[in-house]
Protein chains: 2
Amino acid sequence: MIKIIEGGVCAAKGYTAGGVHCGIRKNKTKKDLALIFSEVPANAAAVYTTNLVKGAPLVVTKENLKDGKAQAVICNSGNANTCNEGGEEIAEEMCDLVAETLGIKASDVIVASTGVIGQPLDIEPIALSMADLKGSLGNNSQDANQAIMTTDTKEKSVSVSFEIGGKLCSMGGIAKGSGMIHPNMATMLVFITTDAAVSSEMLQKALSSDVQNTFNMVSVDGDTSTNDMVTVMANGLAGNEEIISEGEDFNEFMCALNTVTMSLCKMIAGDGEGATKLLECKVTGAKDELTAKTVSKSVVCSSLFKAAMFGADANWGRILCAIGYSGADVDVSKIAVSFSSPKGEILVCRNGRGVEFSEEKAKEILLEEEITVNIDLSSGKAQATAWGCDLTYDYVKINGDYRT
Amino acid sequence: MIKIIEGGVCAAKGYTAGGVHCGIRKNKTKKDLALIFSEVPANAAAVYTTNLVKGAPLVVTKENLKDGKAQAVICNSGNANTCNEGGEEIAEEMCDLVAETLGIKASDVIVASTGVIGQPLDIEPIALSMADLKGSLGNNSQDANQAIMTTDTKEKSVSVSFEIGGKLCSMGGIAKGSGMIHPNMATMLVFITTDAAVSSEMLQKALSSDVQNTFNMVSVDGDTSTNDMVTVMANGLAGNEEIISEGEDFNEFMCALNTVTMSLCKMIAGDGEGATKLLECKVTGAKDELTAKTVSKSVVCSSLFKAAMFGADANWGRILCAIGYSGADVDVSKIAVSFSSPKGEILVCRNGRGVEFSEEKAKEILLEEEITVNIDLSSGKAQATAWGCDLTYDYVKINGDYRT
């Protein structure tokens, strides 16, 4: 049984985390350097952005994870270390600094950066802060969580306990992500730690499979970042028999992982830049999963739909429009659409056409902070859910002048 | 030689146009019904939205244009006549009304609607206004232009004169389009009239080819409308020998058509919902045209790039990011990016990496109302240009509550 517990990335045995302000950001009250440490080497897996422009840290992390092992994560915010001179060397130096400071191998370090693209990243403030960063390591994952945030307004952290083969295991994750979010095969920055024993192969299998229905179904603004990365470390300290193949234990692990990733997904979508609402689009009755996913993503990505939700306007025509241009092969004359929230549910379209409904009731439902759009394609049994947020004045404000 | 002239859709011989307020819109000062009439039957061609959800008027127009002939255009704004009960019957009734009023064949009428999706369209106000609408026909295309506008803030009209085989020909067009603009094979509503003699086959060929580099390269918000349509009528009154094949005359005609469509494109992009700037993205040095188009469209579609332009922020990293996720096969290490406007040009990225530049100068360039982003992929000779606009507070405002 999966239980939500406290602790974030420090919930699982053997992990500590910390965060400091090292000086990459001018604002001294904002931490900008995070560290996560496993007291023993862990099996590790990761997925990365499919953007052809890849941040230098991703190149280095990918190389370091070739052996399926990692023991620490270092991540700075304020500078993406991407599209600049010598970015890979800087990322490698960051790994070297962690290795020296913690007495581990540089090739066991996961390195990540997030922030402005195209600026040189100065290693000096990072080097000068390594002692402090080590000193900040503890059982509180909040400092690390704060240090990886950029335009995020909320910390995004979740942790669970679960059982494998009678052994109590734990897993926790932290995430950052608010803009430039439209993942494709990977996403934003998410660091997950667990004390379950899982081989690196099975860990990669679990993560690669999970992101298809979680992070890859989130969109804030349609822009796939250059620095997206999700990593999982599994240090085995829970003492369960190592998961080396599919089966009951693997399924249990997948469920725990899915609980963590799904929670982080909703937190990321709900904290999209400028967002006032979390939007969930549930598609049912699709002829296959691809159709369901294509439709649900197209709807949560539509700027017009997102702006309508900001205005609590039940303008369902925009949903039909977004389904229509999604590229999915659907029978428009079979589509039903309803809106739901804690205030109830209201049907607005049946057989691809409008039905009479109370605008007043619709408004009441849409004024809530979490809205679900239910789309029944009535053409099969496949389903999918995508998450997004509304498009607001503040999205424009935040992105009209992000660099200053 | 192509010359810009006055007259809009009435510039060419034999065409009159008009517009009235019939009552589909509550605001009595806003015209909502337009008519364009050719005194003789014209050859006609059209391209339509590729959205799977298609407005009822498109279905009827497509049927009417099967014989390549048309003599009038009727278009209402305020209601898209889409995703509702009996939409096609209403569209047919609109054609019948025009046929009776003007004494022409109902199958020679192009019918179009634009506005809210999913509401029943009442034929009565249209029927009651036909006499007035006929009475409004004249040589001024402005009334028709105003009547097809929705959230447009500016009339979009252009006309040119040109010569074919020694005969002076004219061509003019009007357009509406401000939101839900991300054409695919066709676009927004555009009505073009010419007195040149062109067979319907060659007219279709010219139009289908032209839109690939004009309307299909415009994006306001990434949403492909359900009611997009571009039509051309050619009534032959200029007296040139009918164009029935490719050759010098066809090329001359294509140039005139391209002058008209390109102008309307820029007007549509520059008047995108809430827009304060027209953005042009010129890609050169691409290995093939598809690559150039993919890259330029991806950049003008990026919400992050659009918001940065609103803020006159030279955040070129977002351009690299949008190139990276476009799906185009490019060598990032060869990309150069510059911004230009009437205030000058500034290089911000070379070999895929940032170069030092004056933020002050960049700001001066980006504060202008027409900005060009020049992207050199340095990998070949193909090029393409796409048009868009900035993302502003007003886009959100306009679309947060469009229906009321």
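Predicted model: local features only at pLDDT ≥ 70, side-chain atom pairs only at ≥ 80, totals over all residues.
Residues are numbered from 1 along each chain as its sequence is written, and chains are lettered from A and ligands numbered from 1 in the order in which they are written.

**Helix H2 of chain A**

I took helices (H or I, at least four residues) and strands (E, at least two) as DSSP runs, numbered from the N terminus. I checked the length of H2(A), residues 87-102: its 16 residues should span 22 Å at 1.5 Å a residue, and the end C-alpha atoms are 23 Å apart, which agrees. The expected span is 1.5 Å times one less than the number of residues.

I then looked up burial, where a buried residue has 20 or more other C-beta atoms within 10 Å of its own, the C-beta atoms being placed from the backbone. The buried residues of H2(A) include Ile90(A), Met94(A), Leu97(A) and Val98(A). Among the elements that cover them are strand S3 (33-48), helix H1 (56-64) and strand S5 (109-116) of chain A.

**Sheet of chain B**

I traced an open sheet of six strands in chain B, with mixed pairing and the order S13-S12-S11-S14-S10-S15. Two strands pair if DSSP finds at least two bridges between them. S13 (353-354) and S15 (382-389) of chain B are the edge strands, each pairing on one side only. I followed S10(B) (residues 278-286) to S14(B) (residues 370-376): the two run parallel and are joined by seven bridges. Lys282(B) has Asn374(B) in S14(B) as its bridge partner.

**Contact of chains A and B**

I counted residues as in contact if their C-beta atoms, placed from the backbone, lie within 7 Å. The contact takes 50 residues from chain A and 50 residues from chain B. On the side of chain A, H10(A) gives the largest share, six residues.

I superposed the copies by least squares on C-alpha atoms of residues with pLDDT of at least 70 in both. A rotation of 180° with 0.0 Å of shift along its axis places chain A on chain B, at an RMSD of 0.0 Å. The two copies are thus related as by a two-fold rotation axis. The same surface serves both copies, since 100% of the contact residues of chain A recur in chain B. Of the residues of chain A, Tyr393(A) comes closest to the rotation axis, its C-alpha lying at 2.5 Å.

Methods. Contact = placed C-beta atoms within 7 Å. Buried ≥ 20, exposed ≤ 12 C-beta atoms within 10 Å, placed from the backbone.
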